[in-house]
Amino acid sequence: MSDTYHFPPDLLDLLGDTIPKLTRTKKGVIDFFKGAGVSSNITNDLVRKLNKDKESISKYEIARTILVRLNERGDQTLRERREVLKRVTEFENFSACWENDRLKAKGLVAEIRQIINVKDSFSRMNQERELERQGRIKEKQDKQAAENKRKEELATIKTDLFSLFQETNVHKRGKSLESVLNRLFDVHGILIREAFTVVGNENEGIVEQIDGVIEIDGNLYLVEMKWWEKPLGTGEVSQHLVRVFNRGHSRGIFISNSGYTSAAETTCRESLQRSVVVLCTLEEFVFLLENEIEFKKFLKAKINAAITHKNPFYEPLKHEFV
């Protein structure tokens with residue numbers, strides 16, 4: 001129901017038939033509207049006409065004239081229109097009606113109540129639909145905003161990773177690599193914990209350095225990252241394998257800038273009897289960033305190959321993501 005035209009034609013006609021039956025006199029009709037807050041500038045000419053000649057106008061003409069004027073003034077008389085409706089729908093004492101009008105008045109009031117209830121129901125339904133529509137729009141906007149933020153973060157990570165290839169300080173480059181890749185895991189929703197150290201119980205200081213921990217399909221993977229000039233050998237991978245084996249059901253992921261020796265690959269393949277271990281290269285991560293490939297899918301492909309085919313160094317970028 002429009003605020004500007006609060007009484008649609010069917011309701012206006014019903015009100016025009018009902019209000020005159022709620023009172024016995026023509027003056028009573030005018031008083032009904034005054035009680036609803038209708039100003040005298042709407043009713044003055046009708047009062048003058050009534051005072052001059054009572055027979056010149058009927059109760060129904062008075063009611064309909066005032067109702068039409070209330071409609072024509074739009075939002076200016078919105079409060080008065082609503083008060084008229086309220087007074088009619090809440091009308092209970094029909095003793096003031098002419099005896100012959102009482103049953104008819106009760107029926108008309110009941111009909112108006114029903115119309116108002118139906119229209120209110122439609123209004124509520126429309127409001128609910130509008131709220132639902134706005135909710136969907138907001139949800140879509142929020143998703144888009146989150147995706148835009150994610151892309152911005154990935155772009156920053158890519159820039160930071162590429163800048164490391166110009167870094168000559170080996171120690172600084174290694175620590176920065178940990179930070180960049182942990183941020184990358186975090187953006188893809190798979191990071192559990194960034195780099196941390198483990199201190200011994202006998203005051204022996206730091207006994208382990210863990211570069212990060214990620215979770216995939218309910219399994220925890222200890223991550224080891226290395227940026228060396230030469231391929232990682234058996235000694236380097238064995239240190240991390242010991243950390244993995246000493247943690248029960250944990251698994252391991254290596255990330256190397258320089259690849260792995262064949263001996264290191266063999267060591268990891270043999271270690272699959274005890275736990276899942278996968279080997280990655282930094283080159284793969286660069287490719288994933290450049291081509292906006294989902295990291296979980298990439299890592300899952302490697303994990304599946306390690307479990308199913310006993311291949312810790314499967315390269316899905318050459319087979320599944322090209």
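Analyst: The expected span of a helix is 1.5 Å times one less than its number of residues. Helices (DSSP runs of H or I, at least four residues) and strands (runs of E, at least two) are numbered from the N terminus. This is a predicted model, in which local features need pLDDT of at least 70 and side-chain atom pairs count only at pLDDT 80 or more, while totals for chains, interfaces and linings use all residues. Residues are numbered from 1 along each chain as its sequence is written, and side-chain values use heavy atoms, with hydrogens and water left out.

User: How many residues does helix α11 have, and what span does it reach?

Analyst: Helix α11 covers residues 295-309, which is 15 residues. From its first C-alpha to its last it reaches 21 Å, close to the 21 Å expected at 1.5 Å a residue. Lys310 follows α11 and has a positive phi, near 55°.

User: Which residues of α11 are buried?

Analyst: Buried means under 20% relative accessible area, with over 50% called exposed and the range in between partly exposed (1.4 Å probe, protein chains only). In α11 the buried residues are Phe295, Phe298, Leu299, Ala301, Lys302, Ile303, Ala305 and Ala306.

User: How is strand β4 placed, covered or open?

Analyst: In a regular strand the side chains alternate between the two faces of the sheet. Strand β4, residues 251-256, is mostly covered, with six of its six residues buried. One side carries Arg251, Ile253 and Ile255, the other Gly252, Phe254 and Ser256, and both faces are covered.

User: Which strand pairs with β4 over six bridges?

Analyst: Two strands pair if DSSP finds at least two bridges between them. Strand β3 (residues 219-226) pairs with β4 in the parallel sense over six bridges, and Met225 stands opposite Ile255 of β4. Strand β5 (residues 277-281) also runs parallel to β4, joined by five bridges; there Leu279 is the bridge partner of Phe254.

User: What do the helices between these strands make?

Analyst: A crossover is right-handed if, with the strands pointing away from the viewer, the path from the first strand over the helix to the second runs clockwise. A right-handed β-α-β unit is made by β3, helix α8 (residues 234-245) and β4. Another right-handed unit consists of β4, helix α9 (residues 262-271) and β5.

User: Which residues have the most contacts inside the largest nonpolar core?

Analyst: A nonpolar core is a set of buried Ala, Val, Leu, Ile, Met, Phe, Trp, Tyr and Cys residues joined through side-chain atoms within 4.5 Å. The largest has 51 residues, and Phe185, Ile214, Ile253, Ile255, Phe285 and Leu299 have the most contacts inside it. Helix α7 (residues 170-187) gives the most to this core, with six residues. Apart from it lies another core of 34 residues, including Leu14, Leu22, Val29 and Leu108.

User: How many aromatic pairs does the whole structure hold?

Analyst: Rings of Phe, Tyr and Trp (its six-membered ring) pair if their centres lie within 6.5 Å; planes under 30 degrees apart count as stacked, over 60 as edge-to-face and the rest as tilted. The search finds seven pairs. One of them, Phe32 with Phe33, is edge-to-face, at 5.8 Å centre to centre and 85° between the planes.

User: Why is the pair of Phe185 and Phe285 edge-to-face?

Analyst: The pair is edge-to-face because its planes stand at 85°, with ring centres 6.2 Å apart. Phe185 lies in helix α7 and Phe285 in helix α10 (residues 282-290), 100 residues apart. Phe185 is buried at 1% relative accessible area, and Phe285 counts as buried at 0%. Phe185, Phe285, Phe295 and Phe298 form one aromatic cluster.
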